[in-house]
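I opened the notebook to work through one protein model.

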Amino acid sequence: MFGYSMVQMIRAHADKLEKPLRDEILNGYRPFKWTPCFLHRVFEGYVKKRKKLSLIVEFEDGYYEADCIKLHEVLERHHACKFKHDFSRISCCSAQVTPEGLEDILTNCNHIKKVYVDKEVHALLDVAVEAARAKSIVRNNKRLTGKGVTIAIIDTGIHPHQDLEGRIVDFVDFINERTTPYDDNGHGTHCAGDAAGDGSASEGKYQGPAPEANLVGVKVLNKIGSGSLETVMQGVEWCMQYNEKHPDNRIDIISMSLGSTAQAFSSENEDPMVKIVEAAWKEGITVCVAAGNEGPEAKTIASPGLSDQVITVGALDDKDSADTREDDEVASFSSRGPTIYDVTKPDILAPGVNIISLRSPGSYLDKVQKTARVDNDYFVLSGTSMATPLCAGVVALMKQHNPEATPYEIKQRLKQSAETWRNRDPNVYGAGYIHGENAIN
């Protein structure tokens, strides 16, 4: 076994090859057990020249350009090898490489830091909803779907996607002052589906926790996902005014997958963004806000998520498994507490890694992240931005079951019913993992 050239190559460069890649190469030798010895060299030569490995090559800092030129030269020498994509910001590139080509690369490119298998990843919204224990919750012989509950998505807008048909009950635009629903960025549409997509374009596969809830689109961020304190405040204020004008068809929940780096005031209540969301909270609107994506450092909770009143949602990686908790972990990017005012945050975690939800065709994200498209109607994104509306969808089920529940009661119930499957720091994990079934009495 150790006489094979590829085995020798792995031993010589083990520190530069991640274990799954080493295993994949070695597994190519399994059929040799049943092959006559005199044929081994012939078969190994065939495998080395023909087997295709999809790899990510990482270079040492400062050597990307020089070694990438060498990489191109090596790949041109091997018929079945080809360069695929540049990721120069992180000193990486992707390539299709044969074992022989890989050996040549490791020999001639002197500043390779690590080589990884370009793994195939699948993480689906239907799994995320099941993992949040928010799928097919039945109370009083009736499945809860969020029907009769209205969620305002304060974001980049909402594209009138098939999965939301007939349920975008209002729309306001503080950026371009358009009157019909649209989303030129794509973020808001994804968030809307995280909360309330009904999966009709996927035969129910990609469905949010509240597939019959109504939605209100509040566009406060522009095409590239940027806005201002003013436009965000306008959006929240508009929601409160909406309820004054529509007392029988109120906005029950605000989902805000946005924020800014917390600025130090004399107290958190001096922060204008905190003030406006707490005003909505006092008006009876349950506000769910993203913790932010600046983890894993402490004290990175964004504003307005640092409010001690609203529900601040961090992101959990459920490892694409609905039934087990053993491998679940907080997402590395999820912001940690305490806040800069030493308040324990986030309040709760919800799935937020590789979530498949609604696509807004032709939007900014749709154009710049084409590889994130899933089929024709869906899109995959990660962030506390995705965890927040998923939490809002669970809250919609709670409101459907008990319309009189106050924001404070909902928040306390969510925290008390969360799964504390590990004894961990509440400034990282909050109260635990959201559990829709337990949250609804």
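Entry 1: Is I224 buried or exposed? I noted first that the model is predicted. I looked up the relative accessible area of I224 and found 54%. The cut-off for exposed is over 50%, so I224 counts as exposed. I then located I224 in the loop between β9 (214–219) and α8 (229–245). I224 makes a nonpolar surface patch with Y364 and V368, of about 270 Å².

**Entry 2: the whole protein.** I counted 14 helices and 17 strands. The protein has 441 residues, and buried ones make up 55% of them.

**Entry 3: the cores.** Which residues have the most contacts inside the largest nonpolar core? I found I254, M256, V287 and L414, in a core of 82 residues. Helix α11 (residues 384–401) gives the largest share of this core, nine residues. Another core lies apart from it, with 26 residues, including F59, Y64, C81 and I112.

I picked I254 and listed its contacts, leaving aside neighbours within four places in sequence. Among them are A152, I154, V236 and C239. The list also includes A280, I285, T286, V287 and C288.

**Entry 4: helix α12.** I went to residues 407–417 and found P407, I410, K411, L414 and S417 buried. Why are they on the same side of α12? They cover an arc of only 150° around the axis, so they share one side. On the face turned away from the buried side I found Y408 and Q416, which are exposed. The buried residues of α12 pack against several elements, among them α9 (272–282), β11 (286–290) and β12 (311–317). They also pack against β14 (348–351), α11 and α14 (436–439).

**Entry 5: helix α1.** I repeated the check on residues 5–12. Here M6, V7, M9 and I10 are buried. Seen down the axis, they fall within an arc of 160°, so they line one face of α1. R11 and A12 are exposed on the face turned away from the buried side.

**Entry 6: salt bridges.** How many salt bridges are there? The count comes to 10.

- D104 and R77 meet at 3.0 Å, N to O. D104 is in helix α5 (residues 99–108), and R77 is in the loop between α4 (64–76) and β2 (82–87), 27 residues apart. D104 is buried, at 15% relative accessible area.
- D347 and K415 meet at 3.7 Å, N to O. D347 is in the loop between β13 (329–330) and β14, and K415 is in helix α12, 68 residues apart. D347 is buried at 4% relative accessibility, whereas K415 is partly exposed at 31%.
- R373 and D366 have their closest N and O atoms 2.8 Å apart. R373 is partly exposed, at 32%, and D366 is buried, at 2%.

Terms used
Residues numbered from 1 in each chain as written. Predicted model: local features only at pLDDT ≥ 70, side-chain atom pairs only at ≥ 80, totals over all residues. Heavy atoms only, no water. Core = buried A, V, L, I, M, F, W, Y, C linked by side-chain atoms within 4.5 Å. Buried < 20%, exposed > 50% of the residue type's maximum accessible area, 1.4 Å probe, protein only. Helix = DSSP H or I, 4+ residues; strand = E, 2+ residues; numbered from the N terminus. Contact = heavy atoms within 4.5 Å. Arc of directions from axis to C-beta. Patch = residues over 30% accessible without salt bridge, like charges linked within 9 Å, V, L, I, M, F, W, Y side chains within 5 Å. Areas by Shrake-Rupley, 256 points an atom, 1.4 Å probe, with all protein chains shown as cover. Salt bridge = Lys/Arg side-chain N within 4 Å of Asp/Glu carboxyl O.
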